[in-house]
Protein chains: 2
Amino acid sequence: MLTIEKKFEALATENAPGQEVRQAAGNIDNLVRGKPLTGTPVDFSHGDVDAFTPTPGSFEAFSDAVDTGGRQAYTEYRGAADIRADLAQKLAGFTGAPVAGDGMILTAGTQGALFLSVAATVTTGDRVAIVQPDYFANRKLVQFFGGEVVPVQIDYMKSEDNAGLNLDQLRDAFASGVKVFLFSNPNNPTGAVYSAAEIAAIAKLAAEFDVMVIADQLYSRLRYSGVTYTHIRAAGLPDNRVITIMGPSKTESLSGYRLGVAFGASSAIDRMEKLQAIVTLRAAGYNQAVFKTWFSEPVGWMDHRIQQHQDIRDDLIKVFRGAGLRVRTPQAGSYLFPELRPLDVSLNDFVRLLRLQAGVTVTPGSEFGPHWSSLRLNFSQDHAAAVAASKRIVEMAGRYQR
Amino acid sequence: MLTIEKKFEALATENAPGQEVRQAAGNIDNLVRGKPLTGTPVDFSHGDVDAFTPTPGSFEAFSDAVDTGGRQAYTEYRGAADIRADLAQKLAGFTGAPVAGDGMILTAGTQGALFLSVAATVTTGDRVAIVQPDYFANRKLVQFFGGEVVPVQIDYMKSEDNAGLNLDQLRDAFASGVKVFLFSNPNNPTGAVYSAAEIAAIAKLAAEFDVMVIADQLYSRLRYSGVTYTHIRAAGLPDNRVITIMGPSKTESLSGYRLGVAFGASSAIDRMEKLQAIVTLRAAGYNQAVFKTWFSEPVGWMDHRIQQHQDIRDDLIKVFRGAGLRVRTPQAGSYLFPELRPLDVSLNDFVRLLRLQAGVTVTPGSEFGPHWSSLRLNFSQDHAAAVAASKRIVEMAGRYQR
């Protein structure tokens with residue numbers, strides 16, 4: 001029997017984004033090479049909501065909810081009915097497939113939606129296919145509920161027209177008895193978007209092997225020019241085989257409100273509500289009202305935000321490629337995942353040195369799968385500061401190169 | 001192996017407070033006796049935050065946090081360090097025992113603290129002692145994590161000077177290999193407060209049998225005149241054997257912000273943070289700032305609020321006892337748990353009929369343990385409306401009496 005200490009070992013958070021403050025500085029003084037690099041500190045571990053501020057009207061929606069009082073403080077566990085009805089329409093339009101009124105739950109952040117959806121579909125001994133690399137919590141969630149991770153690779157460096165999903169591996173995984181396939185699209189950390197052909201292949205295999213698909217589409221609104229995006233919930237799978245997860249924490253900079261939504265398979269959504277009742281009761285009542293601003297942003301606001309991110313993306317890629325570091329062009333989202341050449345120090349030590357010597361915080365690629373010597377950067381930052389900080393990363397990578 | 005459907009069956013929420021809107025009306029038309037009873041509808045399933053409004057300054061604290069921006073949106077998973085430091089001082093003073101800086105986590109509501117604390121201490125096969133009656137989620141949480149519930153009774157009708165804990169049962173339970181003891185003090189649903197002698201006995205047995213104690217003290221600030229309250233964390237147990245849970249959702253009417261806190265055993269708190277990282281990431285960042293108003297309410301505000309609740313309590317007790325229904329005087333909190341005499345209809349049908357015919361929503365006692373024909377009322381309501389609604393309950397109880 002697993003002890004509680006063993007069970008939690010897999011949930012290590014010390015290298016997770018935002019937790020750097022809890023790391024012991026460690027004995028890295030003896031590793032230091034060269035002088036400190038000056039410049040505005042940049043925390044690439046998450047987006048800077050001071051550089052890209054929350055959606056206009058979001059605070060007012062919250063304020064109105066406080067004035068509304070009890071009705072908005074105490075909603076059903078799955079969220080206020082009027083807000084769900086409004087969202088169902090908007091998300092049906094966005095994803096190209098109907099959303100049933102009872103096939104939706106509002107959650108405490110997209111993380112909450114992810115937690116509940118894995119909890120509602122995975123139990124001890126279940127095999128779950130997970131993409132590598134992909135969002136680090138996916139693996140942890142499966143392990144926490146006693147599931148067995150079956151990795152499937154994406155070769156995201158091969159082409160910028162698809163994610164590079166290894167379909168043979170996916171078929172083998174599904175054929176081996178996988179019950180759930182969990183993936184992010186756009187992919188976190190690479191920004192790769194799955195092509196229409198890849199989504200069709202996933203849907204076909206999921207139908208053939210009766211696999212539940214959980215699609216984390218957190219970044220699916222932040223798509224760069226010329227990118228075609230395919231929603232798997234509109235790809236012909238039976239409705240009860242797909243759960244889609246989204247939220248306004250990223251592109252819309254509403255992370256401080258902790259809002260997410262899961263929609264699709266209604267029997268799973270029912271289980272998610274039962275569980276949410278003992279996890280957090282509900283997404284914070286007043287906060288739920290901020291969803292009213294979602295997909296209702298001022299005209300042109302989203303296009304402008306996307307353009308600003310595209311400009312930062314392009315400048316950062318120039319910096320890294322100019323220094324000979326390989327990096328995929330993200331088709332969507334605000335993550336860059338540049339590869340480092342072999343270093344004389346460990347990846348975690350390099351990440352600590354970056355913070356100590358260069359004022360730059362990044363997430364080590366090893367969080368996203370077993371074998372990445374890459375860094376993940378959330379480039380939703382002040383443009384000039386991000387460019388300067390990327391130059392410091394390149395300089396540091398040179399100093400510590402093997 | 002438990003299927004996912006079986007695993008979730010125990011989490012039924014249809015009779016849980018606030019979920020009445022999702023109940024099918026059911027075929028109760030043929031059960032109806034007499035005419036509808038008119039009066040202001042009252043929802044006793046939770047407190048009315050329109051009758052007792054949120055702490056002064058709470059919205060302003062939230063608003064300031066939004067203005068603060070990124071630093072408050074993205075805190076450590078366990079919550080903003082400055083807010084934790086401030087709370088640690090206040091809670092040490094309130095509970096009479098020091099709170100270590102790293103022995104505290106801010107959570108998404110008190111429910112979040114409860115979920116994380118059970119998750120961090122209970123795993124498959126662990127025996128967990130649970131009081132009957134007690135908050136309905138306690139049992140569900142233990143079952144969800146594969147633990148085995150070992151019930152321990154309180155005879156809360158015997159005396160109003162203690163909770164009536166059956167200490168022989170508690171000793172037998174602990175001796176049988178119980179790993180965790182989870183209880184609410186004041187007790188939910190009865191409002192019973194454990195006496196100093198009961199708390200000392202729990203602490204002594206927990207030390208003897210090395211049991212982890214989780215004390216849910218959500219209502220420990222709302223204490224009526226003449227009541228002595230003993231914090232178990234100050235009762236001499238080793239610090240690593242007690243987790244105390246509180247939050248400002250009830251007395252302070254801040255439920256719409258979803259804020260809770262767990263403090264004590266730091267190794268368990270560390271695990272709770274690791275888990276929170278994959279459950280909700282953190283308590284909503286801006287919301288955390290509302291904690292600044294906690295234990296810092298305007299002078300006299302809390303005393304006034306307690307007096308108002310005591311007045312409602314006393315009037316409702318008069319109504320129920322005047323009709324010959326037994327009810328314990330709650331020493332703390334805002335719950336009443338009056339006993340019904342045997343009915344001609346099931347308890348759940350009576351609860352539905354109350355809503356349909358009398359505009360009164362209550363929580364059936366069967367949610368709190370296997371054998372209570374009581375109703376739970378949260379009397380944090382408009383005073384006059386609550387008295388009138390209680391009279392309608394009495395009238396309905398008479399109509400449907402066997």
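This is a predicted model: local features need pLDDT of at least 70, side-chain atom pairs count only at pLDDT 80 or more; totals for chains, interfaces and linings use all residues.
Two residues are in contact if their C-beta atoms, placed from the backbone, lie within 7 Å.

**A helix pair in chain B**

- Two packed helices are described by the angle between their axes and the distance between the axes.
- For helix α7 (residues 167–175) and helix α8 (residues 196–209) of chain B, the axes come within 10 Å and cross at roughly 15°.
- Angles under 35 degrees count as roughly parallel, so α7(B) is roughly parallel to α8(B).
- The crossing of α7(B) past α8(B) is right-handed.
- On the α7(B) side you'll find L167(B), L170(B), R171(B), F174(B) and A175(B), and they meet A201(B), I202(B), L205(B) and F209(B) of α8(B).
- That contact is made up of eight nonpolar residues, no polar ones and one charged.

- As background, most residues other than glycine have a negative phi, and most peptide bonds are trans.
- Chain A has a cis peptide bond from Q132(A) to P133(A), with omega near 0°; P133(A) sits in the loop between β3 (127–132) and α6 of chain A.
- Over in chain B, the bond from N185(B) to P186(B) is cis too, again with omega near 0°, and P186(B) is in the loop between β5 (180–184) and α8 of chain B.
- S253(A) isn't a glycine, yet its phi is positive, at about 60°. Look for S253(A) in the loop between β7 (242–246) and β8 (259–264) of chain A.
- Is S253(A) buried or exposed? S253(A) is buried, because 24 other C-beta atoms lie within 10 Å and the cut-off for buried is 20 or more.
- F295(A) is another non-glycine residue with a positive phi, near 60°, and it belongs to the loop between α10 and α11 (301–322) of chain A.
- F295(A) has 17 C-beta neighbours inside 10 Å, so it counts as partly exposed.

Technical notes:
Residues are numbered from 1 along each chain as its sequence is written. Chains are lettered from A and ligands numbered from 1 in the order in which they are written. Axes are lines fitted to C-alpha atoms, for helices over the stretch in contact, and angles run from 0 to 180 degrees between N-to-C directions. Helices (H or I, at least four residues) and strands (E, at least two) are DSSP runs, numbered from the N terminus. Angles under 35 degrees count as roughly parallel, over 145 as roughly antiparallel, 65 to 115 as roughly perpendicular and the rest as oblique. A crossing is left-handed if the near helix is turned anticlockwise from the far one by less than a right angle, and right-handed if clockwise. Ala, Val, Leu, Ile, Met, Phe, Trp, Tyr, Cys and Pro count as nonpolar, Asp, Glu, Lys and Arg as charged, and the others, Gly among them, as polar. A residue is buried if 20 or more other C-beta atoms lie within 10 Å of its own, exposed if 12 or fewer, and partly exposed in between; C-beta atoms are placed from the backbone.
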